[in-house]
Amino acid sequence: MAGHFLVLIAALGAGKPAGAQALTGTAPLTEDEALGPAMVAGIDRYLMRALEDSITGRAALWRRDLSSHAAYTASVQVNRERFARIVGVVDARDDAALQMQAPAGQPAELGRGPGYTAYTVSWKVFRGVVAEGILLEPDAAPKANVIALPDCDWTPEAVSGLAPGVPAEAQFARRLAEGGCRVLVPTLIDRRDTYSGTPGIRMTNQPHREFIYRAAYQMGRHVIGYEVQEVLAAVDWFAREADSLPVGVAGYGEGGLVALYAAAVDTRIDAALISGYFGPRERVWAEPIYRNV
């Protein structure tokens with residue numbers, strides 16, 4: 001065995017065989033610059049060109065039927081399903097049921113505002129994923145059901161006016177509740193890095209959203225998909241508890257992204273208000289990596 005290994009080493013070190021011919025259409029590689037950076041630059045040029053070409057080729061991926069609302073909805077269903085897959089909305093959800101959450105010996109009621117009461121709640125999404133947040137329940141019959149999604153570094157309490165951290169004019173969950181809506185405010189995964197790693201082994205400085213994204217995408221999942229599923233589980237609950245009321249989503253920043261994507265996936269959402277995340281998508285590659293789909 002050792003002899004065979006030495007023969008192999010000798011063959012590898014022999015260099016180009018005498019009389020060897022170059023492949024048709026090729027030439028010897030004689031670049032003086034480092035090949036690693038040159039390769040990266042070439043990949044960059046190719047991807048930028050492909051992004052530009054995707055704009056003109058986009059229309060071929062759609063078969064819109066504008067003859068009626070029902071016809072349009074049916075004609076883009078395949079696009080909707082593909083979008084759901086690429087953001088990781090693929091797991092069957094559990095039967096949604098909101099549960100009041102309260103520390104032992106304390107009421108579930110978190111606070112009160114003009115015409116509504118705030119409760120801490122949780123709801124099952126699918127196996128291994130449970131959503132948490134705040135429910136703002138109006139004292140009178142609600143006019144609509146709204147899922148309010150703050151930027152991921154804003155707490156549900158802050159955007160509901162129950163804790164400091166968000167200016168009064170930006171507390172859109174509170175303002176929706178004051179307007180007579182039933183409002184559910186989910187907790188989104190933030191950008192801190194407190195839990196990014198394994199204590200005692202290795203911690204990283206990756207934001208929580210990136211830390212989850214890097215593990216999830218290898219399994220065809222996504223941090224975006226998890227949060228869209230939280231929204232859709234809430235829509236499931238609304239549909240079962242009060243199916244005659246309109247359903248809306250309202251989001252800002254990272255919450256705007258989740259609201260926009262949730263409305264794109266599920267036609268049961270009647271209205272979407274997006275702030276801080278609406279516009280052309282051609283430069284999505286320049287955004288944080290945890291938005292990569």
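Is Glu 227 buried or exposed? Select Glu 227 and see: its relative accessibility is 1%, so Glu 227 counts as buried. Before going further, keep in mind that the model on your screen is a predicted one.

**Stop 1: the partner of Glu 227**

Colour helix α8 and helix α7 (residues 208–216) to see where each partner sits: Glu 227 belongs to α8 and Arg 209 to α7, and the pair links distant parts of the chain, 18 residues apart. Arg 209 has a relative accessibility of 0%, so Arg 209 is buried too.

**Stop 2: the second largest pocket**

The biggest contribution is from β4, with four residues. If you colour the lining of this second pocket by class, you will find nine nonpolar, three polar and six charged residues.

**Stop 3: from Arg 191 to helix α9**

Next, select Arg 191 and Glu 254. They form a salt bridge whose closest N and O atoms are 3.0 Å apart. Arg 191 is in the loop between β6 (182–186) and β7 (197–198), while Glu 254 is in helix α9; these are distant parts of the chain, 63 residues apart, and the pair links them. Are the two partners buried or partly exposed? Glu 254 is buried, at a relative accessible area of 1%, whereas Arg 191 is partly exposed at 27%.

**Stop 4: a network of charges**

Now widen the selection to Asp 151, Asp 153, Arg 191, Arg 209, Glu 227, Glu 254, Glu 287 and Arg 291. Salt bridges link these residues in a network. The structure as a whole holds 18 salt bridges.

**Stop 5**

For another salt bridge, select Asp 94 and Lys 124, where the closest N and O atoms are 3.8 Å apart. Asp 94 lies in the loop between α4 and β1 (99–100) and Lys 124 lies in strand β3 (residues 116–126), so this pair ties together parts 30 residues apart in sequence. Asp 94 is partly exposed, with a relative accessible area of 26%, and Lys 124 is also partly exposed, at 48%.

**Stop 6: the largest pocket**

Finish at the largest pocket, which holds about 1,700 Å³ of space. To centre your view, select Arg 58, Trp 62, Phe 83, Ile 86 and Arg 281, the closest to the pocket's centre of the 35 residues that line it. Which elements each supply at least two residues of this lining? Colour α2 (35–57), α3 (69–75), α4 (77–86) and α9 (254–265) to see them. The largest share, six residues, comes from α4. By class, the lining of the largest pocket has 20 nonpolar, seven polar and eight charged residues.

Conventions:
Residues numbered from 1 in each chain as written. Predicted model: local features only at pLDDT ≥ 70, side-chain atom pairs only at ≥ 80, totals over all residues. Heavy atoms only, no water. 1 Å grid on protein atoms, 1.4 Å probe; cavity = no way out; pocket = protein on both sides within 12 Å on 5 of 7 lines; lining within 4 Å. Points joined across faces, edges and corners; volume = space filled by probe spheres on them. Nonpolar A, V, L, I, M, F, W, Y, C, P; charged D, E, K, R; others polar. Salt bridge = Lys/Arg side-chain N within 4 Å of Asp/Glu carboxyl O. Buried < 20%, exposed > 50% of the residue type's maximum accessible area, 1.4 Å probe, protein only.
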